[in-house]
Amino acid sequence: MLPWLTRAAAMRPQRTAVLTPSERLTYAELEQRARRVAGALAERGTQPGDHVALALPAGADFCVAVHACLLLGAVAVPIDPRLAATERDARAASAQIVLDELEDGASLQHTHQPQQDEVAALMHTSGTTSEPKQVPLTFGNWLSSALGSAVALGLDPLERWLCPLPLAHVGGLSILLRSAIYATTAIVHERFEPDAVVAALMDTSEPPTMISVVPTMLERLLDTGLREPPALRWALLGGGPIPSPLLERARSAGVPTAPTYGMTEACSQIATFGWPLPGTELEISAQGEVLVRGATVSPSALAVDGWLHTGDLGALADGGRLTLSGRLKDVIVSGGENVAPVEVEEVLLIHPAVADAAVHGRPDPEWGEAVIATVVVRDGASVDASALRSHCAERLARFKIPKAFEFAERLPRTASGKLLRRALD
């Protein structure tokens with residue numbers, strides 16, 4: 001298989017491959033730089049299959065480094081530089097080399113011709129319910145994900161996909177690698193800054209046609225004034241439960257959203273608009289757990305029964321459309337009744353004074369577990385526990401109403417915006 005960058009540079013050498021706020025690289029320039037960095041890695045003794053930790057900020061250098069690894073046949077191990085030193089060290093433990101700045105060597109002449117089952121990148125899960133896990137994703141996983149996403153969302157030959165997500169996260173890196181597979185443009189922001197993202201989306205010279213965000217990011221973009229971005233085909237929205245009021249608010253603002261469900265173990269997207277990507281199979285276990293298999297799933301993530309056990313609760317409607325109802329581990333057993341936190345959060349988020357909400361269980365001598373809600377109140381709004389309890393009582397069964405309401409300035413979330421429910425108590 002020809003390296004994706006080599007193919008893109010041959011097909012469209014002058015097309016912009018990577019665009020950052022401070023730099024622009026065509027595919028010809030990106031390949032030239034990646035070959036020199038790959039040459040420097042080879043001169044340091046890096047062999048195909050070796051792990052190279054990329055401790056670089058999201059930007060042009062990171063993009064060059066990823067492709068340098070792929071050209072050489074080394075496994076890229078993205079490291080989020082915002083992590084604490086001990087966290088960075090743990091993620092880089094398997095690496096033979098830690099790359100925190102680029103070095104040029106003699107241009108690599110003979111690039112690695114990868115096989116579908118070879119590992120391209122070693123990713124880490126978000127660690128929302130446990131410690132982050134290593135997930136090796138193969139060239140076949142990334143390619144299948146890119147092709148499936150193109151079918152699910154369509155593909156503009158002049159696609160410009162804006163990435164405000166961390167490139168060390170599968171959702172961010174997938175934009176970079178899909179763009180190379182498509183020979184289209186990745187617009188990379190080092191960090192999520194709402195004003196900068198809105199400015200990019202409303203730009204009339206090179207407006208993005210796609211963006212990937214998590215719900216909290218979309219909320220902040222709408223708060224910043226995003227309305228009717230001129231070229232946006234889809235805002236791919238994932239990374240956690242998606243409140244229906246947010247979808248309605250985006251619709252009213254003229255922001256087309258594509259709700260998606262995905263996991264690191266499945267190379268990002270599993271289902272979009274509820275429909276599984278082509279080549280992805282879904283099944284619901286007797287316990288209600290969503291099971292996944294197909295070409296996007298990391299071989300290391302498959303259980304002995306041949307399925308990826310997601311830990312998510314869901315159901316399949318006629319025709320195979322997926323709906324989700326929360327996490328298996330998150331289910332609260334209160335007084336012998338099962339309570340899905342996502343259902344309660346959805347109700348709380350309907351309240352006009354609530355900006356964000358998280359629900360979890362707390363050990364309770366009477367109920368076994370008590371339903372607890374932590375709420376972030378919108379700026380300038382006011383609401384108390386009594387009003388929220390009444391709001392929930394109108395919409396939920398009695399056993400689902402939180403026993404206590406707590407208030408916070410913000411909820412604990414990962415760098416990619418996912419709720420850290422286990423950090424609530």
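Nine strands form an open sheet of mixed pairing, in the order S2-S1-S9-S8-S10-S11-S12-S13-S14. Strands are DSSP runs of E with at least two residues, helices are runs of H or I with at least four, and both are numbered from the N terminus. Two strands pair if DSSP finds at least two bridges between them. Strand S2 (24-26) and strand S14 (275-276) stand at the edges with a single partner strand each, so one side of each has no neighbour in the sheet.

The model is predicted: local features need pLDDT of at least 70 and side-chain atom pairs count only at pLDDT 80 or more, while totals for chains, interfaces and linings use all residues. Residues are numbered from 1 along each chain as its sequence is written, and side-chain values use heavy atoms, with hydrogens and water left out.

| Pair | Sense | Bridges | Partner residues |
|---|---|---|---|
| S10 and S11 | parallel | 4 bridges | Ser212 and Leu236 |

Contact means heavy atoms within 4.5 Å. Axes are lines fitted to C-alpha atoms, for helices over the stretch in contact, and angles run from 0 to 180 degrees between N-to-C directions.

H2 (residues 27-43) also meets helix H1 (residues 4-11): their axes come within 8 Å and cross at roughly 145°. On the H1 side the contact involves Leu5, Thr6, Ala8 and Ala9, and on the H2 side Tyr27, Ala28, Leu30, Glu31, Ala34 and Arg35. By class, this contact has 7 nonpolar, 1 polar and 2 charged residues. Ala, Val, Leu, Ile, Met, Phe, Trp, Tyr, Cys and Pro count as nonpolar, Asp, Glu, Lys and Arg as charged, and the others, Gly among them, as polar.

The structure holds 1 cavity of 30 Å³ or more. On a 1 Å grid over the protein atoms alone, a cavity is a set of points where a 1.4 Å probe fits but cannot get out, and lining residues have an atom within 4 Å of a point. The largest cavity has a volume of about 250 Å³, the volume being the space filled by probe spheres set on the points, which are joined across faces, edges and corners. Its lining has 22 residues, and His169, Gly171, Gly238, Gly239 and Ser268 lie nearest the centre. Elements giving two or more residues to this lining include helix H6 (170-182) and strand S12 (257-263). The lining divides into 8 nonpolar, 12 polar and 2 charged residues.

Technical notes:
On a 1 Å grid over the protein atoms alone, a cavity is a set of points where a 1.4 Å probe fits but cannot get out, and a pocket is an open set with protein on both sides within 12 Å along at least five of seven lines; lining residues have an atom within 4 Å of a point.
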